[in-house]
Amino acid sequence: MSSPVLAVEGLKAYYRTSAFGVRREVRAVDDVSLAIAPGEIYGLAGESSSGKTTLIKTIANAIQPPLQVLAGSVVFNFRDRTVDIHAIERESLADIRWKHLSYIMQGSMNVLNPVRRVRHAFVDFAFRHVGGSMAEFLDAVRAHLERLHLGPDVLDAFPHQLSGGMRQRVTIALATVCRPEFIIADEPTTALDVVVQKGVLAMIHEVQRELGSSIIFVTHDMAVHANLADRLGIMYAGRLVEEGRTADVFRRPRHPYTRHLIASLPRLGDSAPKEGLGGTPPNLADPPAGCRFHPRCPLATDICRRDAPPMTEVAPGHRAACFHADQVAAP
Amino acid sequence: MSPALLEVDRVSRTYSGGLLTRRRVTAVNDVSLRLDADKPEIFTVVGESGSGKTTLARMILGLVPPTSGAIRFRGADLARLPSRLAFMREVQPIFQNPFEAFNPMKRVDRYLFATARRMAGLTNEPAIAEAADRALKDVGLSLAEVRGRFPHELSGGQLQRVAIARALISRPALLVADEPVSMIDASLRASIVNLLRDLCRRERVSIVYITHDLATAYYVSDRIIIMRRGEVVESGQARAVLDNPQHPYSQLLKSSVLSPEVPSTGAVRHA
């Protein structure tokens with residue numbers, strides 16, 4: 001791989017609280033390493049409370065107590081500079097955000113101020129990074145909106161006057177107007193209807209191709225990953241358990257949890273019975289010893305209960321954290 | 001013809017705007033459907049947001065009166081029910097987000113006990129606990145696992161099971177499930193959908209399943225209607241309709257479903 005845009009090494013981020021003498025430690029991200037190449041869409045999958053939102057918060061350095069980074073590093077290689085996001089000052093963080101590193105969020109209504117016209121959102125977020133006069137800036141915004149097939153009149157609309165899909169397109173335009181090298185997309189289509197979702201995903205892909213940006217795309221919807229991601233990382237209970245090219249992961253998953261995720265997907269035209277996963281997701285304040293999946297795993301043996309499996313390469317470009325990776329059947 | 005459990009007879013519902021606007025929105029327009037009493041089934045209502053499927057559900061639950069048309073449950077018009085409580089015993093809702101359905105400050109077993117007391121008319125503690133336990137066993141849990149727990153101590157899938165168990169305490173004939181799996185994680189979704197199907201087959205409960213997810217609709221439904229802007233555009237046997245949709249809107253809906261097959265890099269990438 002050429003030098004990655006984002007390199008995460010051995011990242012540990014825990015929520016630590018101490019109240020009335022009771023110390024609690026929630027291990028939301030535990031020893032995660034991954035690298036994302038320029039121009040790549042990296043899909044991050046996992047169920048709620050698997051740590052995927054904590055991971056992207058740590059990547060964006062949006063860390064608020066009780067969240068603490070205990071170990072590891074997050075390094076970005078932007079066009080003109082290399083940045084260790086946890087080592088830089090607050091002011092230079094503000095220079096990087098939006099210009100080099102932007103964010104597409106889930107609830108578009110929460111991003112746009114409901115009592116101000118959309119134009120103000122663009123000014124607030126992006127004006128300081130683009131420079132020039134206000135008129136030039138607004139011309140640039142209009143040109144960008146046109147590239148994304150949005151009319152210039154959305155700038156004068158209030159958020160509630162736009163449909164959900166339209167609003168999400170506006171937030172994508174907002175996140176890409178400064179041509180950032182890296183975009184974090186956190187469940188951007190989960191709240192949308194199927195018909196609208198497809199259009200929004202196509203738009204994300206189109207703008208990504210045009211700008212050559214890298215995207216880390218977080219969602220629990222495996223069908224979205226199948227259609228969009230170049231590579232896929234699967235998180236379970238705070239750990240990355242499998243990573244590989246999307247097609248490889250879907251055709252030949254090497255972790256029992258991934259296999260289950262893929263096999264249990266309902267498909268149109270298929271009414272064969274699907275098995276739900278037994279057991280419950282682990283409590284991250286007190287995770288099971290050894291492999292965190294072992295209480296729900298059909299392949300678990302003694303070693304799984306004792307030792308945490310390391311991430312190992314099972315095929316070229318395909319890593320999995322399972323002692324029995326070779327026994328995982330095709331879905 | 002066998003007796004009907006539920007008849008929705010040419011029902012429409014319009015909402016008018018505020019005091020100052022004249023805008024009227026027709027949420028549901030001339031919808032009819034019928035469920036048989038002696039043939040329990042999963043009847044699915046599919047449509048995008050704004051298609052009127054939730055308004056239809058609220059009318060079936062008697063929470064919103066129709067503007068025109070009538071809804072009858074076991075032949076009795078919902079607008080002239082002698083006893084709302086007797087109706088609620090037989091028709092129970094399941095909502096989308098179990099974390100919103102339960103008060104986070106209250107223990108979840110309270111809901112089960114209150115339902116047993118009010119809906120099933122039980123008065124002594126052992127009978128109440130037994131009714132709660134039996135309903136929980138129907139959904140693959142038990143009272144021992146749930147007793148004294150707060151909503152945040154259970155996973156989304158478990159909590160949705162508790163919500164379904166609560167609905168089952170009064171032994172209803174009809175469940176109205178409005179998007180019951182859309183807030184549930186993918187790995188647990190299959191188990192909730194399987195549970196609905198088992199309840200229909202084993203406990204002979206009819207289910208009105210409201211969803212925008214065609215894949216789970218295909219998986220569990222017996223019959224289906226597809227709604228758009230308050231109108232039914234297509235209806236029939238679920239598999240037949242979804243295998244070969246006739247109406248252009250149904251075809252659009254089907255073609256928009258992202259297939260989880262790889263390499264299916266076609267759908268989004270070349271759109």
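In what order do the four strands of the open sheet in chain A stand?

1. The model is a predicted one. In chain A, the order of the four strands is E2-E1-E4-E5, and they form an open sheet with antiparallel pairing. From one strand to the next, the twist averages 10°.

2. Edges of the sheet. The edge positions are taken by strand E2 (22–36) and strand E5 (82–84) of chain A. Each has a single partner strand, so one side of each is left without a neighbour in the sheet.

3. The pairing at E5(A). Strand E4 (residues 67–77) of chain A pairs with E5(A) over three bridges, in the antiparallel sense. Val75(A) is found opposite Asp84(A), a residue of E5(A). As a general point, strands of a sheet pair through backbone hydrogen bonds, in either the parallel or the antiparallel sense.

4. Ser49(A). This residue sits in the loop that runs between strand E3 (41–45) and helix H1 (52–59) of chain A.

5. Surroundings of Ser49(A). Leaving aside residues up to four places away in sequence, Ser49(A) touches Pro281(A) and Leu284(A). Between Ser49(A) and Arg292(A) there are 13 Å in space, C-alpha to C-alpha, while in sequence the two are 243 residues apart.

6. The interface between the chains. Contacts join 36 residues of chain A to 38 residues of chain B. On the side of chain A that touches chain B, the elements giving two or more residues are helix H7 (194–211), helix H8 (222–228), helix H9 (246–251) and helix H10 (256–263) of chain A. That side of chain A has 17 nonpolar, eleven polar and eight charged residues.

7. How do H7(A) and helix H11 (residues 248–256) of chain B cross? Their axes come within 8 Å, and the crossing is at roughly 50°. H7(A) is therefore oblique to H11(B). The crossing of the two helices H7(A) and H11(B) is left-handed.

8. Residues of that helix contact. H7(A) contributes Val194(A), Val195(A) and Lys198(A), and H11(B) contributes Leu252(B), Leu253(B) and Ser256(B). By class, the residues in the contact of H7(A) with H11(B) are four nonpolar, one polar and one charged.

Note on methods:
Residues numbered from 1 in each chain as written. Chains lettered and ligands numbered in written order. Predicted model: local features only at pLDDT ≥ 70, side-chain atom pairs only at ≥ 80, totals over all residues. Contact = placed C-beta atoms within 7 Å. Nonpolar A, V, L, I, M, F, W, Y, C, P; charged D, E, K, R; others polar. Axes fitted to C-alpha atoms, helices over the stretch in contact; angles between N-to-C directions. Parallel < 35°, antiparallel > 145°, perpendicular 65-115°, else oblique. Left-handed = near helix turned anticlockwise from the far one by under 90°. Pairing = 2+ DSSP bridges.
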